[in-house]
Amino acid sequence: MLKKSNKSHLLLFLSLFFFSSFFANAADHNLVRLDGKWELYVQKTPEQIFELVDSGIPSDYMSLVPGNWNAEVKHYGASSPCTYGTYRYLCSNLDSNQKYALLIKESPGTSCALYINRKLISQTGDAFIMTRPDFHEKPNAYNPSHSQAKPLYCEFFPDKNGQAEIVFLVSNYFYRKGGLWDSVFLGPKKNVLQTNNLTLLFNSFVIGCLIFIGLLNLIQFFINKKKWEYFYLGIASIVFALRIGTAEYCSFALIFPGLTSEVKIRIEFLVLWIAPISILQMLFKIYPSQDRIIIFKWLKEKHLRHFLILADLLLGISSLILPGYYSNMLVPYLQIGMAIIASYVVIFSISNLIKHKKYALYNSLSYSTLFLGAIIDIIYSRQKNLMPISFFPFFLVAFAIIQILMLAAIQNDIYKNTEKSSKELQRLNEAYLRFVPKEFLRLLNKESVIKTKLGDYSNIEMTIMFSKLSIEGQDKELSLDEHFMIFNEYLKQISPIIKKYDGFVSKFLSGGFMALFPNSEIDAVRAALEITDSTKKLNPSKTSKLKLSSWIGIHYGRMIIGTIGEENRMDDTVISDTVNTAARIESVCEKLDKNIIISQVLKQKITQESTIQIELKELEAMYVKGKEKPLQLYELSRKTKKSQESM
């Protein structure tokens, strides 16, 4: 199992990295990254720097691109939020007859304006409001948004000297870092456009995969709401998709042109708190944590986990509702919270792996993938010249896929266990039916013993039979073992007869039984006659001194059948005066040495039936125990040939 799992994961990673390598080569072909030192003019408009350049006055700083200007503006005496600056870069040796394009995947600052050869080519948001002398908006307040973040693409021709003067006016309304923080790609229009389209295609593919995985898991959760691990994986996958759609190359800005930077960063930051909480909760849904003690008796593991979740949740909600200035100021704290939860998850996963817990390999692989992807993403964000693209999306998809494989394995095991339990339950139910007849359950309108509860009952009219086996003529008293064996053999022969006539044995009594016939009174009569005949056939050989006889008393009336006892021990029973009367009739059989005696009520029921050949002999009315009035009883037997001829 482990070997197959490793091979599938290796194949997955190779496929992802092959695709990423292909994309990277295609994206980087014939493109120039304008990385390095750019001229930076702090709090100067493009028009002002054009005059300074023409006058030969140098820039305020030479700032690294990609990077941020925080250190530069601090020396200048300003703070990063609520300031603006202009970057300048001069490209030479270009073909003046060829059309070029410029691409920056993440527009700088919270708003910017791009000039090429001193012409305004493109802009995101309104970068010019901040340059006005009357601008006094506080960055930590809910101000009207002048910001926008989206990929910046434009086309241009160099001047006749083959030069292109590239100028960015960057306005930072509220973000904690300012400057030109992404690489600027320059190249022939065809190649830059191809890079832009491939980046969009790649992001769309990853976002689509993650959203599909997320929705698939959420649907699975709504089908079975007990499976919270699907819910948490679905939420984490969707949050990852939102992060890919807003960070680096903001694909969502192309779908929603009005997407502001304030909204964009809030969506991007969701991954810092919702994803860690979801992953942690998912892990402990798969491996329910015991009440393990940490250091002190009053400090349990679940308390620590709940504290981390609550703290991260409060930080996350704060970043969601506070002004953008505070939202991004909380990012370092959210990153710390994410790191703590990540460490918690990794330690717990390694512990499970060491203990050889089930599915621990899946967890270790998935979280290692996510952890490695996060490290690579951090490296890429700090040193973008080391990699052509961010590989983090690949790791997110790989993480989600491995988690799905794990949940599929869990679901498969649950299915097998359920199937096994179902078979065991079926066998158990069949075993119960040996003690509680299914016909009894039907009279209670129950499909299974499992659905029967204490106090279930039905009030119905039907025929009841009491029977007892008589063993006579033995020279010596039978032992209990012998009596049990004879009685058991007798029941093996008699029980099928009762079933044959739609009856069932409700109780096995000492030396006899009680049977119920819910469909017809004639069924009970036919069964009694056949039982008498079968009992005679069961008599041993002539050399034996044993003689078997059956005494049968039959009555008809209303009775209650149901379950009695207590919750931990129930039994089926039949309660009514009809039952007692039938038992007394059977005792009369023994007293008068008659095989079958029926009550007057039953006699009135069966005399209307002309298809059955029986004889009824009226007996003298008798007093029985529990009855104030004497009972009129009848001996029942098969109609003989003599009696038929006499008729």
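Predicted model: local features only at pLDDT ≥ 70, side-chain atom pairs only at ≥ 80, totals over all residues.
**Confidence**

Colour the protein chain by pLDDT. The average over the chain is 83, and 86% of the residues score at least 70. Now select residues 1-10, where pLDDT stays under 50. In the model this stretch has ten contacts beyond four places in sequence. Next select residues 21-27, where the pLDDT is again below 50. Beyond near neighbours in sequence, residues 21-27 have ten contacts in the model.

**The four-stranded sheet**

Select strands S1, S10, S5 and S8. These four strands form an open sheet in the order S1-S10-S5-S8, with antiparallel pairing. Which strands stand at the edges? They are S1, residues 32-33, and S8, residues 152-156. Each has a single partner strand, so one side of each is left without a neighbour in the sheet. As background, strands of a sheet pair through backbone hydrogen bonds, either parallel or antiparallel.

Val32 has Leu186 of S10 as its bridge partner, and Arg33 stands opposite Phe185 in S10.

Pick out Leu102: the residue opposite it in S10 is Leu186.

**Two backbone details**

Select Val65 and Pro66. The peptide bond joining them is cis, with omega about 0°. Pro66 sits in the loop between strand S3 (61-65) and helix H3 (70-76).

Then move to Asn93, in the loop between strand S4 (83-91) and S5. Its phi is near 60°, a positive value in a residue other than glycine. Both details are worth a look because most residues other than glycine have a negative phi, and most peptide bonds are trans.

**Helices H5 and H7**

Select H5, residues 228-246, and H7, residues 261-286. Their axes come within 8 Å and cross at roughly 155°. H5 and H7 are therefore roughly antiparallel to each other, and H5 passes H7 in a left-handed crossing. Colour the contact of H5 with H7 by residue class: 16 residues are nonpolar, three are polar and five are charged.

**Helices H7 and H10**

H7 and H10 pack at an angle of about 20°, with their axes 9 Å apart. That angle makes H7 roughly parallel to H10. The crossing of H7 past H10 is left-handed.

Show side chains at the contact. On H7, the residues include Phe269, Trp273, Pro276, Ile279 and Phe284. On H10, they include Val331, Met338, Tyr344 and Phe348. Gln335 and Ser349 of H10 also take part in the contact. How many charged residues does the contact of H7 with H10 have? It has no charged residues, with 16 nonpolar and two polar.

Notes
Residues numbered from 1 in each chain as written. Heavy atoms only, no water. Axes fitted to C-alpha atoms, helices over the stretch in contact; angles between N-to-C directions. Helix = DSSP H or I, 4+ residues; strand = E, 2+ residues; numbered from the N terminus. Parallel < 35°, antiparallel > 145°, perpendicular 65-115°, else oblique. Left-handed = near helix turned anticlockwise from the far one by under 90°. Nonpolar A, V, L, I, M, F, W, Y, C, P; charged D, E, K, R; others polar. Pairing = 2+ DSSP bridges. pLDDT = per-residue confidence, 0-100. Contact = heavy atoms within 4.5 Å.
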